[in-house]
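Student: Hi! Could you walk me through the aromatic side chains here?
Tutor: Happy to, let's bring it up.
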Amino acid sequence: MIKFITVDELLPIRKEVLRPGNFTMDDCKFPTDNVPGAFHLGYCHDEELACIASFGPQSYGEFTGTGYQLRGMATIEKYRGKGFGNQLLNFGLVYLRGLKANYVWCNARKKALKFYLSMGFEIISAEFEVPVIGPHYVMYVKIQ
């Protein structure tokens, strides 16, 4: 089941999957988490939160129209490969299409490129390094 969730609900998964080690829960909060128009989605399996994603209004570069940035997409390890991320991202894109957003972009980890490419995203930058986190690419998908 996919549902809208709060930042407090998603922080444990952000920490476990995206910021393991010496990061605190506060380190796992994004400055855009509570901006007007931001929302957070969770995929629940057997009443357990299995997968998360955050979306916030944010344009990118020279792209025109309304843009949203996808941030903090993560699936806990035991649920990977079951299609939960695919379903969650599809839900988010359909929801944003209903809000008349034109595109979604993200800073995708190199190890997640295959997933985003399979979802219709395109690579629009050279590889870059996020300190402590690792190599990333900017990716984009047009939704209308």
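Tutor: This is a predicted model.
Student: Nice. And where does the charged end of R71 sit?
Tutor: Over the ring of F30 too, with 3.9 Å to the ring's centre.
Student: OK, switching to ring pairs. How many aromatic pairs are there in the whole structure?
Tutor: A search finds 15. One of them is F39 with Y68: the ring centres are 6.3 Å apart and the planes stand at 55 degrees, so this pair is tilted.
Student: Which parts does that pair tie together?
Tutor: F39 belongs to strand β2 (residues 39–45) and Y68 to strand β4 (residues 67–75), so the contact joins parts 29 residues apart in sequence.
Student: Are F39 and Y68 buried or exposed?
Tutor: F39 is buried, at 7% relative accessible area, and Y68 counts as buried at 8%.
Student: What about F63 and Y103, how are their planes set?
Tutor: At 45 degrees, with centres 5.3 Å apart, so that pair is tilted. F63 sits in the loop between β3 (48–57) and β4, while Y103 is in strand β5 (residues 103–109), so the pair bridges parts 40 residues apart in sequence.
Student: And is F63 buried or partly exposed?
Tutor: Partly exposed, with a relative accessible area of 29%. Y103, by contrast, counts as buried at 1%.
Student: Last one: which residues do ring pairs link into a cluster?
Tutor: F4, F39, F55, Y68, F91 and Y95.

Note on methods. Residues are numbered from 1 along each chain as its sequence is written. This is a predicted model: local features need pLDDT of at least 70, side-chain atom pairs count only at pLDDT 80 or more; totals for chains, interfaces and linings use all residues. Side-chain values use heavy atoms; hydrogens and water are left out. Rings of Phe, Tyr and Trp (its six-membered ring) pair if their centres lie within 6.5 Å; planes under 30 degrees apart count as stacked, over 60 as edge-to-face and the rest as tilted. Helices (H or I, at least four residues) and strands (E, at least two) are DSSP runs, numbered from the N terminus. Buried means under 20% relative accessible area, exposed over 50%, partly exposed in between (1.4 Å probe, protein chains only). A charge sits over a ring if NZ of Lys or CZ of Arg is within 6 Å of the ring centre and within 35 degrees of the ring normal.
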